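This report covers helix packing and the surroundings of a ligand. The structure is shown first.

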Amino acid sequence: MLKELFANRVQPDNPSRLEGLFPQMNFDDAILFTAGSPAEELFPKEAIRQAYLDAMDLEGAHTFQYHTVSGPIELREKLAVRAQQKMQIENAKPENIMLTAGGQQGIDLIAKLLLNKGDGLVVEAPTYVGALSSFDMYEPSYHEVDLEPDGMNLDQLEEILKTNNIKMLYTVADFHNPGGVTMSIAKRKRLVELANQYNFIILEDTPYRDLRYVGEALPAIKHFDTEDRVVFLSSFSKVLMPTLRLGWMVASKQIIQRLYKLKEAADLEVPNITASAVNQYLEKNDLDEHIKQLIQVYSLKRQVMFDALQREMPEGVKATCPDGGFFTWLTVPDEINTTDLLYQSATPDAHIAYVPSKNFYAFKDHTNGMRLNFTGLTPDEINDGMHRLGEVLDKAMNN
Ligand code: PMP
């Protein structure tokens, strides 16, 4: 009875994409390659503690009062400078910066801003599962574009654009989650040209962008934006801590003003104590120095992962080698179903877990891949876990 009252978007035959993503593994020796979490030992705990104290000292009781949807100007000024210098978004100004409850809320608000039921939305195949969970709520008409080693296949995209009305395209251009690849400069430029020609908005989601282990940073897609069509989205989750729930985006004033309405309707504003503390942190610490430390630790783990993959994986298994970020993507022969393998063999026998490919596709119809995280484990765990995975795959492929 109660069930009939729920909206279509939350009917039980439409299960959460995040459900069952992380098998509960109660074995002492379990090795989990599932996480998308930053390493806790690298959290700048003391500096953040001090930043919260500084924020409280600065404003007293008023720190805890309602503020405004736009958040502290001092923080937006700093983020505008960061966008100019680090992302090459030269025209970013404080009024182009919007603060959100993590990058996740940014994704959700943009989808809410643009998508009526049935509207055309292009996503990469595979793509970030949390974005799909959010998009599902707006009941779009999905179009998938394959991910290649240099980013999404733009020829495929153009074919879609010729025959469909597309409003929005979502991309993780730097160190893709889950694919591990980075979009080339040439593709960034052409993507913006296509957006101009076919009139759609690009959501450029970049939570891993600062975590580059090899090569030079590329200009953001928004750097090439000539018609205010690109929304650049970033987050403090991976470079500071996820619990801050603080994301930020760069977009045109026209877009930001409308997003403010949506954010006010959802939750009024980001918590002032957090925004103010992050502002204090940025004032008294060098975020880029902290990021350098993260890069040092994570890039070592990446190397251990790739040596182990080369050593342990049977012939016929392919892995992407990301220049940054948290993940590598494994493609296994077509006849292997990685969801079945996880529940029938990898988890129960080998005590390892990964995220099967099915979760990362809008149509849930790709079963021969998996996402592996390499930042949340020790080098020994990575070596041991890859050895176990190699054995599981070897057995499955020779069955
Ligand atoms: N986008 C991508 C690609 C992500 O991987 C994540 C987190 N895993 C997010 C957005 C959301 O992160 P947060 O809300 O913590 O900023």
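## Basis

This is a predicted model, in which local features need pLDDT of at least 70, side-chain atom pairs count only at pLDDT 80 or more, and totals for chains, interfaces and linings use all residues. Residues are numbered from 1 along each chain as its sequence is written.

## Helices α1 and α8

Helix α1 (residues 45–59) packs on helix α8 (residues 272–284) at about 115°, with the axes 8 Å apart. Helices (H or I, at least four residues) are DSSP runs, numbered from the N terminus. Axes are lines fitted to C-alpha atoms over the stretch in contact, and angles run from 0 to 180 degrees between N-to-C directions. The pair is therefore roughly perpendicular (65 to 115 degrees).

In α1, Ala47, Ile48, Ala51, Tyr52, Asp54, Ala55 and Glu59 meet Ile273, Ser276, Ala277, Val278, Gln280 and Tyr281 of α8 (C-beta atoms, placed from the backbone, within 7 Å). This contact has nine nonpolar, two polar and two charged residues. Ala, Val, Leu, Ile, Met, Phe, Trp, Tyr, Cys and Pro count as nonpolar, Asp, Glu, Lys and Arg as charged, and the others, Gly among them, as polar.

## Helices α10 and α11

Helix α10 (residues 338–350) and helix α11 (residues 379–397) pack at about 135°, their axes 10 Å apart. Leu341, Ser345, Ala346 and Ala350 of α10 contact Arg388, Leu389, Glu391, Val392 and Ala396 of α11. Six of these residues are nonpolar, one is polar and two are charged.

## Ligand shell

The ligand is surrounded by 14 residues, the closest being Gly102, Gly103, Gln104, Ser235 and Ser237 (C-beta atom, placed from the backbone, within 6 Å). Helix α3 (residues 102–114) gives the most, with three residues. By class, the shell has four nonpolar, nine polar and one charged.

Key. Helices (H or I, at least four residues) and strands (E, at least two) are DSSP runs, numbered from the N terminus. Two residues are in contact if their C-beta atoms, placed from the backbone, lie within 7 Å. Angles under 35 degrees count as roughly parallel, over 145 as roughly antiparallel, 65 to 115 as roughly perpendicular and the rest as oblique.
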